[in-house]
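Trainee: I have a model open and want to learn how to read it. Can we go through it feature by feature?

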Protein chains: 2
Amino acid sequence: MASTTPRDPVHNNHYVDYVIRYNFGDNDIVQTTEQLERLLHKLFEIGLQTEVRQGDETSLLVFVRAARKKSLQRAVYQSRIRDWLYGVRNTEPEPESSAEPQSESERLRVIYHMMTVPKEAGGAGITPKHGEWKNVDSIFPLHDEEMNKQCMKDWSQKTFLSPEDLDQIRNIFGESVGFYFSFLQSYFRFLLFPAIFGFSCWLLIGSFSIVYSVVNCLWCIVFIEYWKRQEEDLSCRWQTKGVSAVREKRREFRPEREIRDESTGEIKGVFPATTRMCRQLLQVPFALLSIIALGVIIATCFAIEIFISEIYNGPLKSYLVFIPTILLSALIPTMSTVLVSVATKLNDYENYESQQAYDVALTQKIFVINFITSYLPVFLTAFVYVPFASRIVPHLDIFQVTVRPFVSKEVATKSRTEFSMDPDRLRKQVIYFTVTAQVVGFAMETVVPFLKQRLLRQYKDYLRKKNGKVESDSSSEEEESPEALFDDHPDETKFLIRVRNEADLSDYDVTDDLREMCIQFGYLALFSPVWPLVPVSFLINNWIELRSDFFKICVECKRPWPQRAETIGPWLDSLGFLSWVGSITTAALAYMFSTSHEGPGGEPTTIKGWALLLTIFFCEHIYLIVRYAVRAAMAKLEPPNVRKEKTERYLVRKRYLESTVGARSSDDETDVDEKEDQSEQLSQLTRDTLEDDARSWATHDTDPAERFWMRQKGWKESSQVGATIIKTLKRDSNAKKQQ
Amino acid sequence: MASTTPRDPVHNNHYVDYVIRYNFGDNDIVQTTEQLERLLHKLFEIGLQTEVRQGDETSLLVFVRAARKKSLQRAVYQSRIRDWLYGVRNTEPEPESSAEPQSESERLRVIYHMMTVPKEAGGAGITPKHGEWKNVDSIFPLHDEEMNKQCMKDWSQKTFLSPEDLDQIRNIFGESVGFYFSFLQSYFRFLLFPAIFGFSCWLLIGSFSIVYSVVNCLWCIVFIEYWKRQEEDLSCRWQTKGVSAVREKRREFRPEREIRDESTGEIKGVFPATTRMCRQLLQVPFALLSIIALGVIIATCFAIEIFISEIYNGPLKSYLVFIPTILLSALIPTMSTVLVSVATKLNDYENYESQQAYDVALTQKIFVINFITSYLPVFLTAFVYVPFASRIVPHLDIFQVTVRPFVSKEVATKSRTEFSMDPDRLRKQVIYFTVTAQVVGFAMETVVPFLKQRLLRQYKDYLRKKNGKVESDSSSEEEESPEALFDDHPDETKFLIRVRNEADLSDYDVTDDLREMCIQFGYLALFSPVWPLVPVSFLINNWIELRSDFFKICVECKRPWPQRAETIGPWLDSLGFLSWVGSITTAALAYMFSTSHEGPGGEPTTIKGWALLLTIFFCEHIYLIVRYAVRAAMAKLEPPNVRKEKTERYLVRKRYLESTVGARSSDDETDVDEKEDQSEQLSQLTRDTLEDDARSWATHDTDPAERFWMRQKGWKESSQVGATIIKTLKRDSNAKKQQ
């Protein structure tokens, strides 16, 4: 499937498969030299060719390629055997001699594994930045610049990416990144409907419409279930189904004790699940801590903001309104960073055995933090400020204590009766989060790093030039141009500059991008009835997002080594969770803000607690029932690639079974022939003679059970006996009837 | 695993594996005789030995055994190959010549498959009561009477069945029945805790205690999750994990059209999933119909009952109170039967492809009916009668219209002010459903059929004797005793009487028993806070239930052919659903009936709608969170057999991988040796000479990319170049520092 024959993209990159950046800044010469030798020898042992070039001032670049065809073939074959044993592949792989990587990503993945897998499993066991390899700074493949440019150009001209485009991404960056782009693409395509529908609602009905809320919830369910199917389809198309079963051990895993496995005879470190579970209980205080720490900051800033914008009436008001925003922008990221580092420590302490489990657990923790920072402000406005404003706001008088020194009380605040809730605050906030924040996010994520990188590069060049000049002043052996600082062959200069630049780039982590999309989806699921144009904004944003993310990977990050994946991982659960919570908030919003409930002050005074709760109760359970139904329906529709895969599986089975059944029937025929003759001889016997036979046997000492089976010889005799019995009984019953 | 060597239980049964009851009552002699011949020939073809004996007046008994060892071996081997291909077995089965059934149930299952599987798949294709085999009434194995007696004796003396006892059940009746008994056993064991706790609560706190409610909900969660683990463990122990993937086609399946599969080249009937889904939508009106039909009956009887017992005061009251009970007992089963037959028709119409899918769908439909009949009465009392009695009861005056003709109004009813709700009604009802109804159920299920069967047998004998007498009057050839009516060999008389009796027994369906347990669990989950002795009653009931069910299978039913299963199927979902609903009802009951809310009339007048709903909302979501946590925790604890199975799987993989890695490293060594020599020669070269080499190559017309790789020959050279670069750069930076 999807077996595009590999092009020849490495040519541009001088056939380089991987570049290893080797740091020698801190250590002494003898040690680093020895280690370098060991590195090169290891690489040679597993069949990789190496070339060494100078990196920057404190590093070497080791270029690696799989030159020996046999080694690569063996590695590919071995990886396929492993896949087959773990059930990722259906078919036994072709023999070693004809094993060829089917795509560039497979080639790169296999080579990466050759380098990083421990020696026992047949690799070189290189672990960047860890243990004996701590001088190895990074291992990365080189960008295929022409291809990247081609893709960027293509995609800027079309609305939807084709499946082939997604295959292309997968071929370049591996399945993990491929899944992200597929998700983004599906999400974008699915947004079309709510965008159009939301726009119509905005024009015709306005905000908080029940119709829009219901459609929005339904859309969330269908989208999530559709994506699950899509994921399955893609994992079949990309042959990564079940790939999560092939787990790699985390090297940071510290076993509690070592035990010898009785059955396998291996000594392996174990860490009891119960101990880990106890440690995981720390997540509860952590979640509480996050909620309190972030909640206090957000609530305080929120209160200050309301005080200033709606109560305070003193001097400098137009400047003071920015205080809460500034406070928020300063405090929230700081606190988030602190909390994320606590989460990471907690996660390390939980001591997971596989990298995958570690990532999932960390993702969940970070999701909690993100959930609070992203949605709590809107929650506060919708469910605290709006219904309780008139009761809470007067208590904000406490802030007057800070104001009093400067202005008299009368001037400073509006009188209490004067205060009126700003009914548009919720909408403004949602617009801020779904439009402004998205644009700012795009700038922070793509534009700023790009500019920073350019500036940094220029600054580095400037430094080098300056140093060069200083040196050329003191010793005139060195040449003038910055490139000449490095002792490069003129043929390679251009290539090496590019490689050095790439080595300086940051690593790409697909998790961050997925998180961004997940949080975005949350706004849609939770609050879009407030402002039905939310999906329109996201639709536009995501068209750009897809391209800019690709740009980011190509230009601002090292090329990631192609990781396999069969799903977008824990984010899928997060989407499901957000959509569920959405069914509650949407119901609450729709009930609270339908115009009929509005009180005189704009706030919904006539809200009835029991009616609100009943609405939520019913909406949530209807949501769950619909989700169950949609899930059941979706489960029955097979995506094309899944069907294809099943057919393949079926064919394998059929071939096997036929061989056994075939052998069997040919065998049987001879058997039948033999017995046929025998029963032919017996067919003339009458029932009486047979019974006589039986009686004569009975006198012998045979087992009575065996004798039971000896009364009728062969099936023909049985048949005759049966026919006789039928005839007799029928006659009897007929006789009775006649009587 | 669990590979108890098969005893020799067939000896008692004259080595009979299966008995086929062949009816010839309705058809003419020629046709039935022909068909019998075809049946016997088919059985012979697949390698089974047959003996024919007379059954009752209109049937023959065909005794079948797998006499030819080779045929059985082949069938066993083939079944194992199939299991292996579908992933049920980890290890490739041993060769055909050494394939032996590991247990009696495997032997019987394989033989059953030989007889029933279509000819294409290597069987005889006998389909009882269907198509060309409609004269074949049933195919059943014979009970192993000694073993059954032994088990019954053993178990009546112990409290808990051991895992070996469960293995025994599985060996006799197959995994499907084994799972039922394991479930019953686990459920019984788990009931111990709530029984003790409930008893203490009953003594110390009384009904509707919040502590008991919370503990009860928690217990439900833990039990269900524990059972899921247990199920997995058992399916590993019994080697049936993944067995649901091996599906058999339903013969009633009617494809919409036939298409030729492009890839497999087979013509197969398809029925589009979308059509089926449309048909499944009929389930919604069906569910509504059930709710309305049963709801009206139950509500009406309920209203009549309240009217008679609490308002009516006229003559004959002590007799009239039985009217609603009689009405209910008459109407509910009738209506249920009608609804079940509608459900079956609906299910047939949905046209499932596999028997499994059909059963699951039917089970779901029947669960809806059962849910209504079992729980609606209690729901009505708890959530309609208790809170709204004072408002609704006065309207029951309408029944007076029927009463008025007979008695004057004054006498007939209590005055309205006199009426007071019976606060104990709910408790009485729960006690009725959890004690009385269980006892009645036991009687109806076990005792009554047993007595009926005995009487029927005596009646049949009487009839025969009478007929015999009539005949012996008319024709003196026949003997007097009833056995003599059959032309049996004296050795076999006793055995054949037993077989004839067994052939008259009804079929056993494990679904009914599972449903009974599931409904019972529902009372515990939904209403046990009303009367904390519910688990005590169930504990006692289930000790008896387990033994009586075994008795029922052994004595009142034909021995079922051993079906495989890896779970208790859709009932697991039903349990989860009941436990979820339980979290809602328990919260509502605990809130409504905690004594503080009781109004003057005994009814809880001070119930606040919003407080009730808030309680439900929080309890339900806490329930869901706890369930999530328990599920996550349970998922990490591996049951012993699952671990064992994983180890086995791992060993298979390891053996495979080692063989490839082993081959590889031995290969490599020669490679390394070769290259080592080569690089040895080069080790004396200095960097400068190498660069010279490179420059000389550059003048040639080689590919610049290839030239890149030719600058350093072998890893040793790379290492030397690297060392030189490090040395130079270190020197430079040191020089700079000194400056």
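Mentor: We take confidence, then domains, the pairing of chains and the sheets. Keep in mind that this is a predicted model.

Trainee: What average pLDDT does chain A have?

Mentor: Read pLDDT as the predictor's confidence in each residue, from 0 to 100. Chain A averages 81, and 83% of the residues score at least 70.

Trainee: What ipTM and pTM does the predictor give the complex?

Mentor: The ipTM is 0.84 and the pTM is 0.86.

Trainee: Next, domains. How is chain A divided?

Mentor: Domain 1 spans 9-142, domain 2 spans 163-637, and domain 3 spans 686-739.

Trainee: How many residues of domain 1 of chain A are in contact with domain 2 of chain A?

Mentor: Contact here needs C-beta atoms within 7 Å. By that test, 26 residues of domain 1 of chain A meet 25 residues of domain 2 of chain A. Now ask which elements supply the domain 1 side. Those giving two or more residues are strand 1 (18-23), strand 2 (49-54), helix 2 (69-85), helix 3 (104-116) and strand 4 (136-140) of chain A. Helix 3 of chain A gives the most, with 5 residues. The domain 1 side has 9 nonpolar, 9 polar and 8 charged residues.

Trainee: Now the two chains. How is the size of an interface given?

Mentor: It is often given as the accessible area lost when the parts come together. Here we count residues instead. In this model, 77 residues of chain A are in contact with 77 residues of chain B. The chain A side has 38 nonpolar, 21 polar and 18 charged residues.

Trainee: What rotation superposes chain A on chain B?

Mentor: Start with the general idea. Two copies of a chain are related by a rotation about an axis and a shift along it. Here the rotation is 180 degrees and the shift along the axis is 0.0 Å, with an RMSD of 0.1 Å. That is the relation of a two-fold axis. To find the axis in chain A, go to A:Trp610: its C-alpha is the nearest, 1.9 Å away. The same surface serves both copies, and 100% of the contact residues of chain A recur in chain B.

Trainee: Let us finish with the sheets. In what order do the strands of the chain A sheet run?

Mentor: Follow the pairing from strand to strand. The 4 strands form an open sheet in the order 2-3-1-4, and the pairing is antiparallel. Strand 2 and strand 4 of chain A have a single partner strand each, so one side of each is left without a neighbour in the sheet. The twist averages 20 degrees from one strand to the next.

Trainee: How many bridges join strand 1 of chain A to strand 4 of chain A?

Mentor: There are 4, between strands that run antiparallel. For one residue pair, A:Ile20 stands opposite A:Ile139 in strand 4 of chain A.

Trainee: Which strands of chain A does helix 1 of chain A touch?

Mentor: Helix 1 of chain A, residues 29-45, packs on the sheet and touches strand 1, strand 2, strand 3 (59-65) and strand 4 of chain A. Its direction makes about 150 degrees with that of strand 2 of chain A. Helix 16 of chain A, residues 493-504, packs on the sheet too, touching strand 1, strand 2 and strand 3 of chain A. Its angle to strand 1 of chain A is about 70 degrees.

Trainee: And in chain B, which strands does helix 24 of chain A lie across?

Mentor: Helix 24 of chain A, residues 714-738, lies across strand 2 and strand 3 of chain B. It runs at about 15 degrees to strand 2 of chain B. Those two strands of chain B run antiparallel and are joined by 6 bridges. B:Glu51 stands opposite B:Phe63 in strand 3 of chain B.

Definitions and conventions
Residues numbered from 1 in each chain as written. Chains lettered and ligands numbered in written order. Predicted model: local features only at pLDDT ≥ 70, side-chain atom pairs only at ≥ 80, totals over all residues. Domains from an automatic or database assignment. Contact = placed C-beta atoms within 7 Å. Nonpolar A, V, L, I, M, F, W, Y, C, P; charged D, E, K, R; others polar. Least-squares fit on C-alpha atoms with pLDDT ≥ 70 in both. Pairing = 2+ DSSP bridges. Axes fitted to C-alpha atoms, helices over the stretch in contact; angles between N-to-C directions.
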